Amino acid sequence: MRTLNVELAERSYPIRIGARLLEQPGLIKPYLKTRRVAVVTNDVVGPLYLDAFVAGLEAEGLSVTRIVLPDGEAHKDWPTLNLIFDGLLAARCDRSTTLIALGGGVVGDMVGFAAATYQRGVPFIQVPTTLLSQVDSSVGGKTAINHPLGKNMIGAFYQPRLVIADTAALDTLPDRELKAGLAEVIKYGLIRDLPFLDWIETNLGRLLARDQDALAEAVERSCHNKAEVVVADETEQGERATLNLGHTFGHAIETGLGYGEWLHGEAVAAGAVMAADLSRRMGWLSDADVERVRAIHARAGLPVKGAPLGADRYLELMAHDKKVSDGTLRLVLLRQIGKAVITAEAPVEAIRATIEACC
């Protein structure tokens, strides 16, 4: 088992990474306020892991409430969030109850938001079961639900008490979901860790083949990068926004097509290629740099072209991005491979040209 720490003073917490950690409920027990927990999962992950996970917790003397949500990005909304509150209230869970998110990024985001707001705040633990959630969304305390006009527009910053990333859970992950998670892994290399990008290019075949050592290394190095950024800028006032490389274009794709049509990682991959293209138009990247960004995503089996929504629709959707400040769109671009910047300097004509060229 590998351990990292997110150092946030009194809100610091560990990230445990390793195989078959779901079978070790003793890892969770020290982080509970009381012996009462509520495990929230979905109807895809639940049949795979819920019974055994709950049995392990109960064997540790814990009282467990189960809440099962419908699966998918299309259900990351108020009605589904209310299913969590319904379950907590029906079981008379109080503010000492710890919520445990057992699932991917949608489950983790929703449980985190529920924890931030139920009885004005209860503790929660992340147990991510997808590659994307293990390397990104489970760490850092960003929680949210979607709105028809924009992705993740309603939420809160609320840190977990513990993250447990069981790499063995990735064995049951569909290939499409595994590839989508690789988009977030690649992102860390592009924005701040060039040696990691070199490693990914060398080991991409092992990652796609689900080699356990390679996956554990990718999760650890991704979480190390994420933790460093979160510690420096917890509430995204500056540097943390660089973690959103490709996300402004990608969120436009997800919202424009309808949530769930493309997986989040797929949209981020296409968005990263678009960001690289725009960075070239800004004079920061070479043609060879853009091809490198395109090639690694293509090798990972990810989209390298955006959805054909039309430039006007993209720009309309991007205007709802959370990085918009005082009416000005700020984008995460690349000054060079391995160094991201946040800029409001991209001319709309250049953005439009990128959209038309890349979609």
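Buried means under 20% relative accessible area, exposed means over 50%, and partly exposed lies in between (1.4 Å probe, protein chains only). The model is predicted: local features need pLDDT of at least 70, side-chain atom pairs count only at pLDDT 80 or more, and totals for chains, interfaces and linings use all residues. Residues are numbered from 1 along each chain as its sequence is written, and side-chain values use heavy atoms, with hydrogens and water left out.

**Stop 1: R16**

Select R16. It lies in strand 2, residues 13-18. Helices (H or I, at least four residues) and strands (E, at least two) are DSSP runs, numbered from the N terminus. Is R16 buried or exposed? R16 is buried, yet it has no salt bridge. A salt bridge needs a side-chain nitrogen of Lys or Arg within 4 Å of a carboxyl oxygen of Asp or Glu. Lys and Arg count as positive, Asp and Glu as negative; His and the chain ends are not counted.

Next, show the neighbors. Contact means heavy atoms within 4.5 Å. Leaving out residues up to four places away in sequence, R16 touches M1, R2, T3, L21, Y31, L162, V163, I164 and A165.

**Stop 2: T97**

Select T97. It sits in the loop between helix 2 (78-90) and strand 5 (98-103). T97 has 1% relative accessibility, so it counts as buried. Its contacts include R36, V37 and A38. Show V122 and P123 too, which T97 also touches.

**Stop 3: helix 10**

Select residues 287-299. This is helix 10, with 13 residues. From first C-alpha to last it reaches 18 Å, close to the 18 Å expected at 1.5 Å a residue. The expected span is 1.5 Å times one less than the number of residues.

Which residues of helix 10 are buried? Color V290, V293, I296 and H297. Seen down the axis of helix 10, the buried residues fall within an arc of 135°, so they line one face. That arc is taken from the directions from the helix axis to the C-beta atoms. On the other side, D287 and A288 are exposed. The buried residues pack against helix 5 (175-191), helix 6 (194-208) and helix 9 (264-281). Just after helix 10, find G301, with a positive phi of about 80°.

**Stop 4: cysteines**

Select C359 and C358. Their sulfurs are 6.3 Å apart, too far for a bond. A disulfide is a pair of cysteine sulfur atoms within 2.5 Å. The count comes to zero disulfides. C359 is partly exposed, at 30% relative accessibility. Finish at C223, buried at 0%.
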